[in-house]
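Here is a friendly briefing on one protein model, written for reading beside the structure. Please have the sequence and the 3D view open as you go through the points.

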Amino acid sequence: MEAPVAPIRIEGDGFVSTVNSFGAQSTLTVGSTDYEIFRIDTVPGFDKLPFSLKVLLENLLRTEDGANVTKAQIEALGSWDAAAEPNTEIQFTPARVVMQDFTGVPCIVDLATMREAVTALGGDPKRVNPLAPAEMVIDHSVQIDAFGNAGALERNMEIEYQRNGERYQFLRWGQTAFDDFKVVPPGTGIVHQVNIEYLARTIMTREVDGKLRAYPDTCVGTDSHTTMVNGLGVLGWGVGGIEAEAAMLGQPVSMLIPRVVGFKLSGSIPAGATATDVVLTITEM
């Protein structure tokens, strides 16, 4: 007797608030388009939160289900105390996942293996897909063979595709086979820079149950520099490959309500100093 096969992907959207304890679900009209949004001003204390925690608050309101994300978690975030030690665990559901190739390729292999298992059980393999949009940037494994001349970039790309042709065939298949999965080819740039310049949306839109939903762009990435995207107002964390794959499959990231350290910069940078110098000075404080 064959066991029933449960879908990995939930049709429509896996991140739907099924409780809405605070009545946060609302409509925002921009021009002639209506967007479903979740208002953070329905939670007492929202106005005292730092901007980063306001993004987390919207995330919890939008994904409240009474099990993983509860009313108590939302209330705890609304009553956040900057001086208190973090002691409340919350479940953060990133809007998307960014991967570099060393960690991204194994994730896609796992998805392909899941499809094989579903097929063996008599199910439809096309039901296995990422629940969160996932993008992989090929950069960490790229080698430099030619340099110091005008044709170096083109020559390096030729060698790269020859050297790893089988891998790129697999990734091309993955990009066409899986929903919400895209590959950024080698030679485009470093993953955290590509995330800022090309992949970040700042505001995500997605159709959920026949309504167009708008919500803040957030992400987890398998690169320690993922946090650079915070400069665009996109809340981002660096995570390991297992955590990224779990997020792809709709699992929230468990964390304590984070502490927030704010800096107010005034004046101007002196001649000879760069923005990097400013950041490094701050990190040493």
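A residue counts as buried under 20% relative accessible area, as exposed over 50%, and as partly exposed in between. With a relative accessibility of 58%, Glu85 is therefore exposed. Please keep in mind that this is a predicted model. Searching the whole structure turns up twelve salt bridges, and several of them are described below.

**Glu36 and Arg213**
- Glu36 and Arg213 make a salt bridge in which the closest N and O atoms are 2.8 Å apart.
- This pair connects distant parts of the chain, with Glu36 in strand E2 (residues 33–38) and Arg213 in strand E8 (residues 211–216), 177 residues apart.
- Are these two residues buried or exposed? Both Glu36 and Arg213 are buried.

**Glu85 and Arg259**
- Glu85, the exposed residue from the opening, forms a salt bridge with Arg259 at 3.4 Å, N to O.
- Here too, distant parts of the chain are linked: Glu85 is in the loop between helix H2 (71–78) and strand E3 (89–92), and Arg259 is in the loop between strand E11 (253–256) and helix H8 (275–283), 174 residues apart.

- A salt bridge joins the side chains of Arg167 and Asp101, at 3.8 Å from N to O.
- How do the two helices cross? The axes of H3 and H5 come within 11 Å and cross at roughly 60°, which means that H3 is oblique to H5.
- The crossing of H3 and H5 is left-handed.

**A nonpolar surface patch**
- Which residues form the nonpolar patch on the surface? Val261, Phe263, Leu265 and Met285 do, and together they have about 490 Å² of accessible area.
- Phe263 sits in the loop between E11 and H8.
- The relative accessibility of Phe263 is 44%, so this residue counts as partly exposed.

Methods:
Residues are numbered from 1 along each chain as its sequence is written. This is a predicted model: local features need pLDDT of at least 70, side-chain atom pairs count only at pLDDT 80 or more; totals for chains, interfaces and linings use all residues. Side-chain values use heavy atoms; hydrogens and water are left out. A salt bridge is a side-chain nitrogen of Lys or Arg within 4 Å of a carboxyl oxygen of Asp or Glu. Helices (H or I, at least four residues) and strands (E, at least two) are DSSP runs, numbered from the N terminus. Buried means under 20% relative accessible area, exposed over 50%, partly exposed in between (1.4 Å probe, protein chains only). Patches are made of residues with over 30% relative accessible area and no salt bridge: like charges are joined within 9 Å, nonpolar side chains (Val, Leu, Ile, Met, Phe, Trp, Tyr) within 5 Å. Accessible areas come from the Shrake-Rupley method with a 1.4 Å probe; for residues, only the protein chains shown count as cover. Axes are lines fitted to C-alpha atoms, for helices over the stretch in contact, and angles run from 0 to 180 degrees between N-to-C directions. Angles under 35 degrees count as roughly parallel, over 145 as roughly antiparallel, 65 to 115 as roughly perpendicular and the rest as oblique. A crossing is left-handed if the near helix is turned anticlockwise from the far one by less than a right angle, and right-handed if clockwise.
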